[in-house]
Every structure is written in structure tokens, then in C-alpha cells.
Amino acid sequence: MNVIECRGLSKRFGRTVALHDLSFSIKENTITGLVGPNGAGKTTLLKIAAGFLRKTAGEIKVFSSPPFNNLKVSANTFFVDDNMALPATLNLSETLDAARRFYPNWDHQLALRLFDYFSLNPRQLHKNLSKGMKSTFNMIVGLSARCALTIFDEPTVGMDAAVRKDFYRALLQDYLQHPRTIIFSSHLLKEIEDILEEVLLLREGQKRLHLPADQLREYAVGLRGEEDTVKRFTAGKEIYRREQFGKNSIFAAVRNSFTKTELQEACAAGLEVLPVSAEDLCIYLTSRSRGGIDDVFNRN
Amino acid sequence: MMSLTETSLWDAVKKQYVFKLQSYANFFVSLVIVQLVALLFSAGGMAGTSGIGWNNILVEVKLYSGTGIFIFTVLCTLANSVILTLPFYRNIDFSFVGSRLSGNMANIGFLVTAGLFGGITATLGSILLRNIHYYTGGGGEILKSFFMITPGELVTGMAVAVLYLILFSTAGYFAGVVVQLHRSLLVLLPALIVGLIFYEAANEQIRIFSRLIEFFVFERSPFHFSLKIILIASLLWIGAILLSNRKEVR
């Protein structure tokens with residue numbers, strides 16, 4: 001069953017196009033990473049899925065219903081981001097108790113254990129928390145709510161590296177014990193790729209890729225060496241990135257459609273065959289030019 | 001698969017209502033503080049204080065009234081109802097389970113509760129004011145007409161106060177929702193209202209606000225008065241719900 005189904009989804013804010021003709025579906029009980037550069041439309045997409053924003057055109061269904069202003073979708077979706085509005089009058093433990101009443105699947109033991117582990121002060125007010133602490137608290141509420149669809153939109157804002165690592169572990173542990181559909185938007189693909197099953201890559205409001213995470217790691221390959229040799233091997237292939245190294249040496253990232261023997265030949269011809277990480281691939285696939293930032297400096 | 005939970009509208013409204021009562025409990029505390037301040041002002045004698053003298057006798061008439069307490073209560077309730085429509089407070093409804101309809105309905109519940117609380121405490125405040133003067137005497141003679149009231153009058157007074165507060169908070173909430181539709185309305189709406197008041201003051205034929213006030217104030221039948229308030233308040237609530245039902249949040 002698909003938890004989210006999107007067909008030709010578009011969203012405009014005045015004259016700005018945030019999403020354009022987006023089609024994809026997200027299967028139940030998967031962890032999907034939503035990645036893309038700033039302004040790719042990640043937050044807009046997630047807010048439409050959560051029922052906060054209205055679509056402009058196309059179709060989106062969450063749990064088989066249009067999500068906008070839908071109580072059923074709201075009851076089964078938890079949306080975590082860094083500006084979750086919470087009453088300034090309640091302290092953290094009162095806020096947890098309040099959240100608990102809204103969600104029948106709420107796991108209070110988990111909430112208290114995580115609370116303890118991250119040493120949050122139950123008597124502190126949410127508005128007085130530091131950025132990282134706020135994110136940690138919101139994450140705890142999001143996990144403990146045990147909603148069938150849990151959306152984390154840039155949940156690690158302000159968290160230090162140690163807390164982020166703990167959070168990824170906690171998310172994975174809880175997901176394994178209580179499978180549900182999780183969407184995680186982040187810029188830090190390198191950090192989260194190990195817990196992701198699927199990756200949905202957006203670029204300028206459109207889908208660039210939607211693949212299982214392990215396929216993404218083998219999707220492209222990098223060749224480095226003498227320019228002519230690289231050109232010979234990459235002829236007719238989709239080139240994602242080209243970088244100049246020294247006078248006569250280049251690096252090219254291309255679609256990995258080589259056979260084993262072809263790659264061995266490339267090595268024999270003096271080329272270095274390099275893996276392209278998921279993070280680099282996503283950067284290549286979403287950058288406006290094939291040369292990346294280098295193009296700004298090489299104006300020929 | 002995590003099982004899908006079913007939530008009825010009523011269920012969501014109840015949960016949001018309880019959440020609001022808990023989160024905004026400080027409103028009730030500040031209201032009582034405001035009422036006590038108003039009580040202090042009123043205890044010194046307010047409007048209509050006058051002195052008449054002839055031959056060698058000077059008669060000073062001091063009017064003590066609970067109206068001040070009520071006006072402060074109205075202002076407090078009105079401010080509270082507008083605050084509920086601000087984006088931050090609106091977004092709190094969408095941190096947990098809720099729809100625009102359930103959020104609005106929980107707000108209705110909260111404002112009706114606030115009206116009940118404010119109306120009852122304001123009326124009790126004016127009783128307290130009477131007691132203060134009864135026991136301190138104020139250094140003069142108390143004219144007993146309207147001073148002693150029957151329990152029936154007390155209850156009627158409370159009911160009228162509660163109904164007025166509900167009317168004012170509803171109007172405030174509706175105005176808040178309208179202003180949230182577009183930023184320009186924040187200037188346009190008050191300008192329109194103030195403009196109309198001046199226009200009406202300048203033209204004898206125009207009677208919009210005076211008719212509106214007479215519609216409620218001149219009503220002598222408690223039943224019809226309640227009916228009028230409930231009707232107008234319901235219309236404003238429905239308007240607020242319809243206006244905010246398509247609004248994007250967060």
C-alpha cells in the first residue's frame with residue numbers, strides 16, 4: 001500500500017513555482033530521505049502532505065485521502081520541524097503530557113527515557129530552549145507519537161554531531177521495533193544515508209530521482225585521468241560532472257552503465273575509477289551546471 | 001504497519017479545548033488581577049460624582065458602580081479573543097491533531113468558558129464593591145435603591161454579563177480572523193470602523209452603530225436578549241469558520 005501518492009502535483013506561491021508536475025509514491029513502512037538543494041521544494045511538499053498547505057494543481061493522496069484540512073490525515077501524521085508552535089506557558093513535561101493526550105499510540109515510556117538520555121530539564125519552558133535542545137525535544141515528541149506517517153523536516157537544526165548521531169540511532173531502533181512510514185528531509189545525506197531505504201531527490205520543484213538508497217551509491221562512477229582517455233571512455237554516456245585537474249587531467253562523473261571488463265580496460269588505460277558517493281551524486285544531479293562552482297572561475 | 005487511528009471531530013475538539021484551557025490558564029489569573037485593579041478604582045467612587053449646595057448645606061452625591069469592573073473585563077476578553085487568531089496561536093492548533101474546523105470550535109469553547117468566568121467574576125466583583133461600602137459606610141448615607149439586589153437579579157445580571165462578554169469576544173475573534181486574511185486589512189478594518197463612527201457622528205441620518213447598540217441595550221425581554229446574542233454570535237462564528245477553513249497554516 002502507498003501512504004503517499006502524488007500525480008502531477010504543482011504548487012505556486014504567487015508567481016513563484018515551488019513544485020511542478022511532481023509524481024511519486026511512498027510505500028508504507030519505509031524510511032525515505034527527501035533531499036535537494038535549498039529552494040528545491042522539500043518543505044513545501046512535506047507541508048502539503050501534512051495538510052498545512054493547499055496544492056495548486058494535480059493530485060496528492062495521503063492514506064488515500066486528500067490531506068488538506070483532513071482530520072484523519074492529521075491524526076495519523078506527525079510533522080516535526082524547527083518552528084513547531086507550542087504554548088509558551090507550558091514546561092517540557094506538561095507539553096509531553098499534553099501531546100500524549102492527542103495520540104492513542106503514544107509511547108510515554110520512550111518519551112521519558114529519551115528525555116532522560118538527552119538530559120532535558122522537565123521544568124524548563126520550550127521557548128527558553130537552545131536551538132539544538134528545541135530540535136531534540138521536537139524529535140522526542142515526533143518519535144513518541146508513533147504516527148503511521150512521521151515527517152521530519154530538517155529535524156537536526158542546531159543539534160551537535162553527537163546528538164545527531166544518537167538521534168539517527170534512536171530513529172532506526174524505534175523504526176525497527178515499530179515499523180512506520182518516515183520521511184526525513186535533510187541536507188546531510190552523508191550522515192543519514194545509512195538509515196534510509198529510499199531517496200527522493202528534488203530539484204527546482206521537480207523529481208530528479210527516486211531510488212532505493214543502495215542503488216543510489218552505484219548509480220554513478222567517477223573516472224579520473226588524462227583528458228582524451230576519459231573522453232574516450234565516457235563517450236555517449238550521461239555526464240553529471242566534469243572537473244579539470246591540472247593541465248591535461250580531468251575528472252568526470254557518469255552514469256554507471258559500464259560492464260566489469262569496460263572498467264578493467266579503463267584501469268588498464270591509466271584511469272582511476274572512483275565511486276561517487278550518494279551525497280556527491282545528489283549535488284551533481286541538482287547543480288545547474290556540469291562544472292559546478294568551477295564554472296564561475298573558468299570563463300572560457 | 002502502525003494502525004491508523006480514527007478520530008472524530010468531536011474527539012479532536014475536546015482534546016484541543018482541554019489543551020487550550022491548560023495552556024491559557026494564565027488568562028484567567030490575569031483577568032482576576034485586572035478585575036481587582038478595576039475594583040480598587042471603583043471603590044473610590046467613579047462616574048457621576050457631584051456636589052450640590054444651597055444655604056449652608058452641602059450635599060455630595062457619590063456614585064459607586066460595578067461598571068468599571070465590567071468594562072475592564074470586556075477589554076481583557078476582547079484582547080484575548082484577538083490574540084487567539086494570531087498566527088503563532090493558530091499554529092499551535094496544528095502542532096498536534098486538529099483541523100481548521102476543530103481548532104475554531106475549540107476556540108469557541110474556550111471563549112465561551114472565558115465569557116462565563118469573566119461574567120460571573122465581574123458580577124461578583126460588583127457585589128464585593130457593595131460589601132466594601134456597606135461595611136465601611138464611606139462616611140455617608142447609602143441610598144438603598146439598586147443597592148440591595150435579589151438572588152434573581154444577581155443571576156440575571158450574571159447572565160447578561162456573560163452574554164455580552166461572549167458577544168464581544170466573538171466580535172473580536174471574527175475581526176481577528178478577517179485581519180488574518182490579508183495584511184492590508186490590519187489597517188483597513190480599524191480605519192473602516194473608526195471612519196464609520198465619525199461619519200455617523202457627523203450625520204444625523206446615519207444610524208448604524210446606534211441602531212446596533214439599541215438592538216441589544218433596549219431589549220427588555222431576557223429571552224429575546226439571549227436569543228439575539230446567541231444568533232449574532234453564531235453568525236459570527238460561522239463566518240469565522242468559513243473564512244479560515246481554506247487558510248494555509250504553519
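Modeller: The questions below take the terms in turn. This is a predicted model, in which local features need pLDDT of at least 70, side-chain atom pairs count only at pLDDT 80 or more, and totals for chains, interfaces and linings use all residues. Residues are numbered from 1 along each chain as its sequence is written, while chains are lettered from A and ligands numbered from 1 in the order in which they are written.

Colleague: Why is Thr67(B) called partly exposed?

Modeller: A residue is buried if 20 or more other C-beta atoms, placed from the backbone, lie within 10 Å of its own, exposed if 12 or fewer, and partly exposed in between. Thr67(B) has 15 such neighbours inside 10 Å, so it counts as partly exposed.

Colleague: What makes strand β10 of chain A largely enclosed?

Modeller: Strands are DSSP runs of E with at least two residues, and helices are runs of H or I with at least four, numbered from the N terminus. Of the seven residues of β10(A), residues 220-226, five are buried, so the rest of the structure largely encloses this strand.

Colleague: How do you know that β10(A) pairs with β12(A)?

Modeller: Pairing requires that DSSP find at least two bridges between two strands. β10(A) and β12(A), residues 249-255, have seven bridges in the antiparallel sense, and Gly222(A) stands opposite Ala253(A) there. With β13(A), residues 272-275, β10(A) pairs antiparallel over four bridges.

Colleague: Why are the buried residues of α9(A) said to line one face?

Modeller: In α9(A), residues 227-234, the buried residues are Val230(A), Phe233(A) and Thr234(A). Seen down the helix axis, they fall within an arc of 90°, so they line one face of α9(A); the arc is that of the directions from the helix axis to the C-beta atoms.
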